[in-house]
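Dear colleague,

I am handing over the model below, and would be grateful if you could look through it alongside the notes that follow.

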Amino acid sequence: MAAEVESQYNKNNPFLARLTENTQLNKAGSAKDTRHFVVSIDGSDLAYSCGDSLGVFPLNSKEEVDAVLTALHASGDELVVLPRTEDEIRLQEALTRKLSLASPTRKSLMVFAERAQDAAEKAQLLNLLEDENKESTALFLSEREFIDLLEEFPSVRFSPQDFVQGLRKLMPRLYSIASSPVVHAREIHLTVAVVRYETNHRERSGVCSTYLSDRVSLNDAILPVFVPKSHFGLPEDGSTPIIMVGPGTGIAPFRAFLQERVATQASGKNWLFFGDQHAATDYLYGEEFEAMKEENHIDRLDLAWSRDQDEKVYVQDKMIESGATMWEWLEAGAIFYVCGDAKRMAKDVDAALHQIAQEHGGLSEEDSVAFFKQLKKDKRYQRDVY
Ligand SMILES: Cc1cc2nc3c(=O)[nH]c(=O)nc-3n(C[C@H](O)[C@H](O)[C@H](O)COP(=O)(O)OP(=O)(O)OC[C@H]3O[C@@H](n4cnc5c(N)ncnc54)[C@H](O)[C@@H]3O)c2cc1C
Ligand SMILES: NC(=O)c1ccc[n+]([C@@H]2O[C@H](COP(=O)([O-])OP(=O)(O)OC[C@H]3O[C@@H](n4cnc5c(N)ncnc54)[C@H](OP(=O)(O)O)[C@@H]3O)[C@@H](O)[C@H]2O)c1
């Protein structure tokens with residue numbers, strides 16, 4: 001839960017922190033690239049609590065900015081006024097630090113269509129804007145960034161100012177903090193999946209995750225960060241049992257919770273669910289958790305390796321397998337936490353909880369809905385999902 005004393009640093013005035021560690025958590029042969037980052041907040045009055053997130057302002061990559069400048073026939077030295085502000089800065093700086101070069105919209109296509117000098121390009125753009133093509137145009141847009149449009153429609157000409165006018169602000173990204181301030185007061189640990197994929201025959205990189213993994217030099221005070229307020233965290237009473245479900249990068253806050261509970265000798269029972277593709281390569285912080293299990297700091301540890309057998313096994317399958325015990329823990333006052341993918345995982349975990357309440361608590365469907373609604377109100381069902 002949010003640190004108690006407000007720092008002078010916030011979203012509008014981020015602290016320039018140092019990245020001091022950048023290590024890969026997956027072993028050789030993994031399909032994933034998940035990094036452990038350590039950010040030093042030494043030299044600031046920033047403080048954090050277990051369960052907080054770190055806000056990070058990224059930069060766009062030099063390659064992407066250079067490609068856009070080339071397509072605009074601009075040098076980058078041109079002065080532009082940032083949209084919806086009076087701030088005048090160089091185009092290169094605006095494209096690097098201030099504006100998103102991703103996610104063009106239908107409105108962007110309209111602007112391109114108005115400016116196309118070539119008849120065939122104009123016709124193609126107008127065709128994309130036809131109502132009957134809404135679905136295929138949505139797909140077209142989802143596979144493109146601004147550089148694709150500039151290169152596919154080279155007859156469209158922009159002044160630097162007109163181009164930046166159509167761009168949105170480059171937003172900070174949030175990362176769940178993977179360390180406890182009791183153990184690491186002046187460091188913030190992060191667990192970040194490096195986003196890389198291909199669309200429209202182009203390799204894409206997530207702006208912030210690759211900024212952290214590839215472009216921030218270690219130990220330079222250049223990483224703009226802040227700690228926003230959060231409603232996710234450990235109970236004050238260390239004797240409260242907790243159930244933590246965090247597959248993939250969702251493990252981050254639970255590493256922090258466990259660190260803190262060990263350091264404060266909290267007596268409450270801890271049940272951790274983790275899952276990822278393969279046990280051999282993707283057991284993030286596996287050695288730490290196995291040691292904690294060995295020393296009885298983790299009472300129950302359930303692991304779901306989705307791709308180590310023909311059938312997928314997910315964390316919610318493990319929850320259902322131990323449904324009776326989970327219901328006992330909930331009845332004994334346990335807090336239930338889930339962190340990670342919002343679109344699929346957190347929904348399926350929620351459905352598994354309802355199934356458990358119905359099968360083992362004897363609740364009707366209606367009563368289980370009311371039960372978890374109340375649990376959320378009581379802060380006993382907390383979600384940090386994205
Ligand atoms: C409260 C909170 C906590 C979070 N904690 C963590 C955390 O601990 N660890 C972590 O790694 N992330 C975490 N995230 C997510 C994080 O904030 C970023 O969204 C993530 O790192 C991606 O940012 P990016 O700038 O690298 O990618 P972006 O440049 O924002 O690109 C991401 C976008 O790329 C597209 N995309 C991604 N993969 C594909 C694909 N395979 N095919 C097509 N399109 C694709 C999607 O449109 C996606 O929205 C958290 C988010 C929130 C809100
Ligand atoms: N909203 C978002 O943009 C968002 C959120 C989370 C993750 N991601 C992206 O996904 C990539 C990796 O993320 P991550 O490392 O955190 O792991 P992840 O993709 O969430 O995967 C972790 C584990 O969860 C499994 N899983 C998949 N669907 C599930 C479901 N419905 N219920 C339960 N478990 C499920 C995965 O199995 P299988 O893969 O074998 O099916 C894997 O074993 C990154 O590129 C990240 O950016 C995006």
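Which residue takes a positive phi just after H14? Glycine 362 does, with a phi of about 65°.

Please keep in mind that this is a predicted model, in which local features need pLDDT of at least 70 and side-chain atom pairs count only at pLDDT 80 or more, while totals for chains, interfaces and linings use all residues. Residues are numbered from 1 along each chain as its sequence is written, and chains are lettered from A and ligands numbered from 1 in the order in which they are written.

To begin with the whole chain, the protein has 15 helices and 15 strands, where helices (H or I, at least four residues) and strands (E, at least two) are DSSP runs numbered from the N terminus. Its C-alpha trace spans about 70 × 50 × 40 Å along the principal axes. Of the 386 residues, 35% are buried, a residue being buried if 20 or more other C-beta atoms, placed from the backbone, lie within 10 Å of its own, exposed if 12 or fewer, and partly exposed in between. Among contacts with a separation of 6 or more, 75% join residues 24 or more positions apart, a contact meaning that the two C-beta atoms, placed from the backbone, lie within 7 Å.

Helix H14 (residues 345-361), the one that glycine 362 follows, has 17 residues and reaches 23 Å from its first C-alpha to its last, close to the 24 Å expected at 1.5 Å a residue (the expected span being 1.5 Å times one less than the number of residues). Its buried residues are Met345, Ala346, Val349, Ala352, Leu353, Ile356 and Ala357. Because they cover an arc of only 140° around the axis, they lie on the same side of H14, the arc being that of the directions from the helix axis to the C-beta atoms. These buried residues pack against E11, helix H12 (315-321), helix H13 (323-331), strand E14 (335-340), helix H15 (365-377) and E15.

E11, E14 and E15 also belong to an open sheet of 5 strands with parallel pairing, in the order E13-E12-E11-E14-E15; two strands are taken to pair if DSSP finds at least two bridges between them. Strand E13 (300-305) and strand E15 (381-385) are the edge strands, each pairing on one side only. Within the sheet, E11 (residues 242-245) and E12 (residues 270-276) pair in the parallel sense over 4 bridges, and methionine 244 stands opposite leucine 272 in E12.

Helix H2 (residues 91-98) is largely enclosed by the rest of the structure, because 6 of its 8 residues are buried, namely Leu91, Gln92, Ala94, Leu95, Thr96 and Lys98. Their cover includes helix H1 (62-72), strand E4 (79-81), strand E5 (88-90) and helix H7 (160-165).

Alanine 74, in the loop between H1 and E4, counts as partly exposed because it has 18 C-beta neighbours inside 10 Å. Leaving aside its neighbours within four places in sequence, alanine 74 is in contact with Leu69, Leu91 and Pro160.

Finally, of the 21 residues around ligand 1, those that come nearest are Tyr197, Gly206, Cys208, Ser209 and Tyr386, where a residue counts as near if its C-beta atom, placed from the backbone, lies within 6 Å. Strand E6 (173-176), strand E7 (187-193), strand E8 (196-199) and helix H8 (207-215) each supply at least two residues of this shell, and E6 gives the largest share, 4 residues.

With best regards
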